[in-house]
Amino acid sequence: TKPRTALELFRIDQLLSEEELSIQAVINRFCADRIRPQLAGWFEAGALPAKELALELGGLGVLGMHLEGYGCAGMSATAYGLTCMELEAADSGIRSLVSVQGSLAMYAIWAYGSEEQKQEWLPSMAAGEAIGCFGLTEPDRGSNPSGMRTFAKRDGEDWIINGAKMWITNGSIADVAVIWARTDVGVRGFLVPTNTPGFSAPEIKHKLSLRASVTSELVLESVRLPASAMLPEALGLRAPLGCLSEARFGIVFGSLGAARDCLEVATAYALDRDVFDKPLAGFQLTQEKLANMALELGKGMLLALHLGRLKETHALEPDQVSLGKLNNVREAIRIARECRTILGANGISLEYPVMRHANNLESVLTYEGTSEVHTLIIGQALTGLPAFR
Ligand code: TGC
Ligand code: FAD
């Protein structure tokens, strides 16, 4: 019988519209032509031509594609999820570039910004001409942003911000940083043009994961901003956490893209590789690995699509996003590691994408809420008892 992929076996295509399938195909082709041939080189060098790529991704219409108006495409949640899946099937770093731009930086402006802020930033960000970053995490406050130390104080009409942010995707290449800071009345968001005196964004080096992604520290030393830099509709931690729900949703789909790529590569490898005089894929131990991975990939996809459809009816709650983020990233990293075993020694080489994906997924497991944080969010939903503190 002709081999089928895991998602073909599940007939996932039956659950998608013609439009969704065609968007997925366009992104898949873009990645095959433009991204995949370069990835090993970018990953090895730890350097991504992010500005160039942002323009191309903007041209494709994927930056802020799930937002309405201001040059954004207004596509469905599922179409956005499938786009994340295709981008992350290439590399988590490419999906990160798009997630941070569209779901974190643009979404913050779109949801909480003034009309002037939206007009000023969203069209150029959708086109990829301006890049945004999202500064919530601090050197000593990651899982617990409520303890943030970055502080914005008033000086007449102006604001003066002091503090530091850490592990910020797109930081060194951004034109605008969305900075979350404590104020006398609670957490507020600020749009900081990155050429403002007192702002700097040194890149973080020596990463063993997400090497095809720019990650930076943000330093704010008496950064003076006009009153108009504050996001007027954002007050309290619920504002940045609302952005996180958007980005986490993209990861629910995206992580499965990395897993799918690993499984496809490992299956082809096992069919091609002879061990003990017959194809590795013909051994029961290998087939058990493949069957279990296909099951988890398909189940993860069904969960992702369910969450996508809930989001399209505005019925998706943050706790449900945690179900998807925890499950799909956890299973994706398990799949990547299992596929690595199928490739044997070749599995550790950048000639194949598998260990690159596995290493990237270590970051994905940690950012946008660690697996422990999502476990506790689900625990709280099930018991009513918060166990964070
Ligand atoms: P808590 O008291 O639970 O909540 C404070 C207020 O926020 C509301 N809320 C949410 N609203 C929208 N979406 C969500 N996901 C929300 N979660 C909570 C909540 O209802 C409450 O509202 P109100 O009106 O009652 O004040 O806050 P807490 O301090 O106890 O924290 C809870 C906890 C631990 C779950 C939260 O702090 C958390 O999620 N921590 C993880 C931090 C995190 O995920 N950081 C990610 C940084 S960005 C990033 O990693 C980008 S990587 C991107 C890439 O490269 O792809
Ligand atoms: P910590 O919070 O110190 O956690 C360390 C360990 O303790 C984890 O295992 C954690 O689960 C566990 N832990 C913490 N609290 C509890 C608890 N209550 N109970 C049990 N265990 C607990 N942030 C941004 O704001 N913007 C970005 O663009 C961004 N991009 C990133 C890109 C990369 C490549 C990476 C790696 C991170 C990025 N982050 C970004 C930061 C990311 O969101 C944080 O790393 C993450 O929230 C975890 O924070 P932390 O690293 O400080 O770990």
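Me: What makes a residue count as near a molecule?
Reply: A residue is near a molecule if its C-beta atom, placed from the backbone, lies within 6 Å of it. This is a predicted model in which local features need pLDDT of at least 70 and side-chain atom pairs count only at pLDDT 80 or more, while totals for chains, interfaces and linings use all residues. Residues are numbered from 1 along each chain as its sequence is written, and chains are lettered from A and ligands numbered from 1 in the order in which they are written.

Me: How many residues surround ligand 1?
Reply: There are 26, and the closest are Ser96, Ser146, Arg238, Leu241 and Pro318. Helices H5 (92–112), H7 (238–272) and H11 (371–383) each give two or more residues to this shell. H7 gives the most, six residues.

Me: How are helices and strands assigned?
Reply: They are DSSP runs numbered from the N terminus: helices are H or I with at least four residues, strands are E with at least two.

Me: Which residues come nearest to ligand 2?
Reply: Of the 19 around ligand 2, Thr137, Gly142, Ser143, Thr370 and Glu372 come nearest. Strand E3 (132–135), strand E5 (158–169), helix H10 (354–366) and H11 each give two or more residues to the shell. The largest share, three residues, comes from E5.

Me: How does the shell around ligand 2 divide by class?
Reply: Ala, Val, Leu, Ile, Met, Phe, Trp, Tyr, Cys and Pro count as nonpolar, Asp, Glu, Lys and Arg as charged, and the others, Gly among them, as polar. The shell around ligand 2 has nine nonpolar, nine polar and one charged residue. The shell around ligand 1 has 13 nonpolar, 11 polar and two charged residues.
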